[in-house]
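Subject: Structure handover

Hello,

Please find the structure below. My notes on it follow, element by element.

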Amino acid sequence: MKVSENWLREWVNPQATTQQIAEKLVMAGLELEIEPAVAEPSHKVVVGRIVSIAPHPNAERLRVCTVDAGAAGAPTIVCGAANARVGLLAPVALPGARLPGGVEIEVGELRGVESRGMLCSAKELGLAEKSEGLMELDADARVGQPIEQHLALADNILNLELTPNRGDCLSVQGLAREISALYGLPLSRPRIKPAVVVGERRFSVEIENLADCSNFAGRVVVGLNPKARTPTFMRERLRRSGIRCIHPLVDITNYVMIELGQPMHAYDADKLSGSLRVRRARTGEKLTLLNDVEVTLDQAELLVTDERGPLGLAGAMGGAASAVSATTTRVFFEAACFSMQAVAGVGRRHKITSDALYRFERGVDPDLQRAALERASELAIQICGGEAGPITHVGRTQPEPVSVRLRRARLVQLTGQDIQPREIESLLSRLGITLVHGDVGTWTAKIPSYRYDLRIEADLIEEVVRLYGYERIPARPYAAQLAPSRPSETRRGSAQVMDALVARGWQEVVNLAFEEQRMHEALSPQLTAIALDNPIAETHSLMRTSLWGGLIAAWLHNRARQVTRVRLFESGVCFHEADGRVVENPRLSGIAAGTVASRQWGQPARAVDFFDVKADVASLLEACGGDVRFEAAEHPALHPGQSARVLVDGQPAGWLGRLHPRVAKALDLAEQPLLFELEWAVLRQARMPVLAVLSEFPSSRRDLSLQMPREVSAQVLCDVARDSTGAHLQRVNVFDVYRAAEADQTGKSVSVELHFQDASRTLTLEEVDASIEEIKRSLQERLGAVVRA
């Protein structure tokens, strides 16, 4: 928000420089920058009046004007502006004047006629980015007065960046209240003169739900002069606030919004039909806004309507059909208090922004509407003439009271500063907070209606400290009694898990939580993605459903810079929609490409394969405990012959595999990297150590060479061997696999080693042989595996 310093000092005028005021506000938590009212001031430019106009003898579009410039005489100036007319007051740059951009004005000749100066537009004075015709000044402007004095350009602009909780400072009044509290000065509020009510012209108003709109005030003003012009003082104040002038009635509503903090709207009363109603939209309703954009509505939007339909998006933007125009003679001013919850999300949903919406989203004072309406009526009658009707006011007549308990002991505990009770009361009273004494050292604070950010005791303590001065509180160690944390032995922190990956040669990357449509369709077509209303780029139009998209982009970024061997992982949240709700899944994912090891002499170069990544994943899951398995399964983004579902105790825990050739082609990838994705809920589990007695007796090892069908996996083979014998079998390990040519689909040869041992005695040869026979029988019956001759 931008505010003129001169305007602000009319409300409160501390004996301090602009820089000192800015530093005071920054220390109180309001960030701001100081800007000049005009970037580059003009010199030797005065107020002039055109006293006569004659046609240019040599040019149709030019005219010769005689201008009264006060003490500078009556120079003849050649001008081509369409709005130049006798009696017009406009800025005149005299010979020797210097304008923004280094333009110097000298006596010259235009098409054979001498011109002794230049009549100026607002753009030529650096007061507007574009302008049509001469800058028109008010009729009371003093001829010959320097333009910088007439427009009070010796001013500064305070450009504030407010946090969302300080919506009360989004006006001259709000900022003046803050400065008044910081300096302990009284406010000099402008006296608002209530309008003289003439007649009974009014529109009846109904509010469907007071939770959406706590109160609504409106007034009809008739007999307006459609040729009225926004006065210069208002134009300049709006310009310095970053708001362009549109129409006198619209400018008045913007002026009141900047001055008091109440967003308003002006309807052409002749375009309204019947009574007005504040209600939720009906699905499928349409509304053309002031920016000429048609929006389709649903039940989420709050509307102001008449008997014919929607008039505007409440708190956001009015409709084009009821807007004021150059022919408007009757206006209906609206000043309402729409709730933050009712207007939240409307701007993002329909991609619109407005100063009104910005304020309503942060909270507008529910006790401000009548005062704003009286101020707008006063300005309208002053500028456009006319007569005011009675105020229509529906809803709550008084804001709901808010009280917060404050304890001095808690304040001292949090701040470490022994602030006396009388000083606490004095500081809070500056903010308009009324304190009622309770028990010893406690108060009940009655919060002003405009302070939505004061709802708990800590908020009041912060206000006391802000006004007391952070710089007055000495820096010293805080004597806190903190209970030491006791991390659970059955839970692993994310840092532990990621450190384990780093130790195995992986590197962490961090990506934005967005992905493009093409990446989503390739990697997670089975999930419903969540689209962004206002994506920062077309490649970030969806919330990510998988971490693989960001990892692939990071791999390609490295590959383009000749880094071909990568081991990258990322921890983050993935999003998708299910049954109308947003589902968030924290995951850990990785991508591997290139060779197994860096180029070296100790081993030949070999491309990373499925089992290399499987070993790293198995290492991560080993600490989780439970039964970890890798089962062959199909994933839409993974190679059907090189993909596996990761299971822990029979529950899905993630995926592992090589990128599908179809996906690689769709994404225009030169190779197919290996990927894994694991659920954080599983990775954070940790197995408690269990003590086991080491057997003092020797073990017995037997090897079996088996012929079996190709589709039997090593995992199934080991499971059947364990299930077929007792506790004596300690370990099963596959140590050799032989497959004939791919064309031979008859089977494969697998060699396993079986380790037998007992903790209490030495197993006999007969016991081991019996176990071996039982294992061979089970393998043959269940898997069709026979001992090779």
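Predicted model: local features only at pLDDT ≥ 70, side-chain atom pairs only at ≥ 80, totals over all residues.

Strands E32 and E33 form a hairpin, with five residues between them. Helices (H or I, at least four residues) and strands (E, at least two) are DSSP runs, numbered from the N terminus. E32 covers residues 628-632 and E33 covers residues 638-648, and the two pair in the antiparallel sense over five bridges. Two strands count as paired if DSSP finds at least two bridges between them.

Residues are numbered from 1 along each chain as its sequence is written, and side-chain values use heavy atoms, with hydrogens and water left out.

E33 also pairs with strand E34 (residues 651-659), again in the antiparallel sense, over seven bridges. Here Val 648 has Gln 651 of E34 as its bridge partner. The hairpin of E33 and E34 has two residues between the strands, and Asp 649 in it takes a positive phi near 55°.

Two other residues also have a positive phi. Most residues other than glycine have a negative phi. Lys 351, which is not a glycine, has a positive phi of about 55°; its place is in the loop between helix H8 (346-350) and helix H9 (355-360). Asp 668 has a phi near 60° and lies in the loop between helix H18 (661-666) and strand E35 (674-679). Buried means under 20% relative accessible area, exposed over 50%, and partly exposed in between (1.4 Å probe, protein chains only). Lys 351 is therefore exposed, at 55%, and Asp 668 is exposed, at 67%.

Elsewhere, five strands form an open sheet with mixed pairing, in the order E12-E15-E18-E19-E20. Its edge strands, E12 (205-207) and E20 (317-318), each pair on one side only. Within the sheet, E15 (residues 276-280) and E18 (residues 302-306) run antiparallel and are joined by four bridges. Arg 279 has Leu 303 in E18 as its bridge partner.

Now the helix pairs. The axes of H5 (residues 232-240) and H6 (residues 248-260) come within 10 Å and cross at roughly 55°. Axes are lines fitted to C-alpha atoms, for helices over the stretch in contact, and angles run from 0 to 180 degrees between N-to-C directions. That angle makes H5 oblique to H6 (under 35 degrees counts as roughly parallel, over 145 as roughly antiparallel, 65 to 115 as roughly perpendicular and the rest as oblique). The contact (heavy atoms within 4.5 Å) is made by Phe 233, Met 234, Arg 237 and Leu 238 of H5 and Asp 251, Ile 252, Asn 254 and Tyr 255 of H6.

The axes of H11 (residues 408-415) and H13 (residues 457-468) come within 10 Å and cross at roughly 65°. Their contact is made by Arg 410, Leu 411, Leu 414 and Thr 415 of H11 and Glu 457, Ile 461, Val 464 and Val 465 of H13.

Last, Arg 476 lies in the loop between H13 and helix H14 (494-503). Arg 476 counts as partly exposed because its relative accessibility is 49%. Leaving aside neighbours within four places in sequence, Arg 476 is in contact with Gly 416 and Gln 417.

Regards
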